[in-house]
Each structure stands twice: as structure tokens, then as C-alpha cells.
Amino acid sequence: MLDIRNIVILTGAGISAESGIATFRGPGGLWEGHRVEDVCTPEALARNPALVHRFYDERRAALAGVAANPAHDALARLDREWHGELLIVTQNVDDLHERAGAHRLVHMHGELRSALCGACGVRETWTGALPPESECPNCGTCALRPDIVFFGEMPYHMERIEAAIAAADLFVSIGTSGAVYPAAGFVQMADACGADTLELNLERSAGSGLFADSRLGAASVLVPEWVERLLAAQSTQSSPMSR
Ligand code: NAD
């Protein structure tokens, strides 16, 4: 049995699927019927800002109609009750982890409810529509864009994430296809640093073979079960904890 104190959890679109937010689907990786290259690259934003802004306006508006599910709730409970270090790293741009109550959380691919100024770099909370040429409240330039990390751009919080993985005893990946880098490489990083690795996903992912253990099923079932077991082991003070 492994002694676990420091945990890093990576989440992807699959953890929000049962809340009614679509994942990437289809062989071409369609996102709500759009090719990723048309809505998720700097080139797409330059070519057709109206389409890109409208796409994220729709995703942002849709957040009002969804709620956290038992998987988000279970991770928020783990965040509250886990005595050791914990970092939830989400690739998701929705806000369901924080609505469930998670605090030890970073959004590595940006947030729907945020706008980014292309001129001064400020990030502003943004809950309504964001038309192209919206004025930055900080510098006044009309260069606000959705605060989404597009393909080819540097994800947020990489230093903090890498430091947490280097110190982790356990790395857990939930509801992610393992197709988007650098997140897809975190399991190898964790393994190289000596952490145990666990995947919870609906089906085998591109990276399943890289995990010491891979459990298949719906996040709303697997995640609460896993959290329950981990917290039960924590409360048995004298016993070593296992994943
Ligand atoms: P992905 O769509 O590529 O893969 C989702 C994975 O989740 C798949 O392997 C699928 O089998 C699994 N899955 C589906 N339903 C599940 C369930 N109920 N329980 C457990 N697993 C389930 O997602 P990704 O790997 O996160 O990459 C997508 C990228 O697109 C991310 O960078 C993200 O920013 C963006 N995205 C975000 C959202 C969101 O914020 N909710 C939604 C779609 C896409």
C-alpha cells in the first residue's frame, strides 16, 4: 500500500458530460458541431472573430442552464476534507468545479466567464456576451477576446502545476481523452516523479496504458466512490492510505 499525502487531479470535458455540457465528439473532434480549427485557434479568431466570439458567447450563456454533478461535488468534498496537499487542474472552461465548492483549483485552458485583453493582457470576469471589439476596462483598447487558451498557445499556471506534480504521491486523471498536450503528458511526468497514477474515464483513452490503474465508468459513479474510499482511509489514522 502506498502512503498518500499529496494529490494532483486532472479533469477534462468528461467530468461535465453528465451535467449536459458536450465533450469533443466525432473523429474530427467536433465541439458543439464546430471544427476545433474554426473556433479554437488564434488563426480562427483573426479570420472570423464574429464566429469565434459567438461560439464562446453561446457556451457562456449555456452555463446558466447546467449544474455541478456528483463527480464535481465529490471533488469539492475531497478539497474540503483532505488534510494533505491537493490541486485540481481542470482543462474545462466551465465553472462547475467552483460552483460545487472546490477552491484548490486551476483552469489551465482558461474560463468561459472571463475575458482577456489582447493589448494589455488583463483578465476580467465576464458573464454576458462579448462582441468583437469590446473595450478593455483596464487599458481602453478594443481588443477583448474570450479568455480561452487556443491550440498553439501556452496554458495557464504551468509552473504551479509542474511543481505540484513533482511533489505528488498520486496523480488522477478524470474524464479526459488524453489527446491534448501538455495535459496529456502529465501522467508520464507524475510517473517519472514517483507518483502512483490512476485514470477514471468512461472508456479507454489514448493514454490509458500509461496509468498504473485505469477504471472505466461514468464519472458521477466512479469519482464519489474513489473519494469515499480515500477519505475513509484518511480517517483511519494509523493505516497507510491507498488510492
Ligand atoms: P475530450 O472531449 O477530448 O474527452 C472527454 C473524455 O471524457 C473522453 O475520453 C470520454 O470517453 C470521457 N467521458 C465522456 N463522458 C464521460 C463520463 N460521463 N464520465 C467519465 N468520462 C467521460 O475532452 P478533453 O480531454 O478535456 O479535451 C477537450 C478540450 O476541449 C479541453 O481542453 C477543454 O478545454 C475543451 N472543452 C471543454 C469543455 C468544458 O469546459 N466542459 C467541453 C468541451 C471541450
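Here's a quick briefing on one helix pair and the sheet beside it. This is a predicted model, with local features needing pLDDT of at least 70 and side-chain atom pairs counting only at pLDDT 80 or more, while totals for chains, interfaces and linings use all residues. Numbering runs from 1 along each chain as its sequence is written, and side-chain values use heavy atoms, leaving out hydrogens and water.

**Helix pair**
- Helix H5 (residues 70-81) packs against helix H9 (residues 219-235) at about 20°, axes 7 Å apart (axes are fitted to C-alpha atoms, for helices over the stretch in contact, and angles run from 0 to 180 degrees between N-to-C directions; helices are DSSP runs of H or I, at least four residues, and strands are E runs of at least two, numbered from the N terminus).
- That makes H5 roughly parallel to H9 (angles under 35 degrees).
- On the H5 side, the contact (heavy atoms within 4.5 Å) includes Pro 70, Ala 74 and Leu 78; on the H9 side, Val 223, Trp 226 and Leu 230 are among the residues involved.
- By type, the contact residues split into twelve nonpolar, two polar and three charged (Ala, Val, Leu, Ile, Met, Phe, Trp, Tyr, Cys and Pro are nonpolar, Asp, Glu, Lys and Arg charged, the others, Gly among them, polar).

**Sheet**
- Six strands form an open sheet in the order E3-E2-E1-E7-E8-E9, with parallel pairing (to pair, two strands need at least two DSSP bridges).
- Strands E3 (105-107) and E9 (213-216) sit at the edges with a single partner strand each, so one side of each has no neighbour in the sheet.
- From one strand to the next, the twist averages 15°.
- E1 (residues 7-11) and E7 (residues 170-174) share five bridges in the parallel sense, and Val 8 has Phe 171 of E7 as its bridge partner.

**Helix on sheet**
- H9 also packs on the sheet, touching E1, E7, E8 (196-201) and E9; the direction of H9 makes about 145° with that of E8.

Key:
Parallel < 35°, antiparallel > 145°, perpendicular 65-115°, else oblique.
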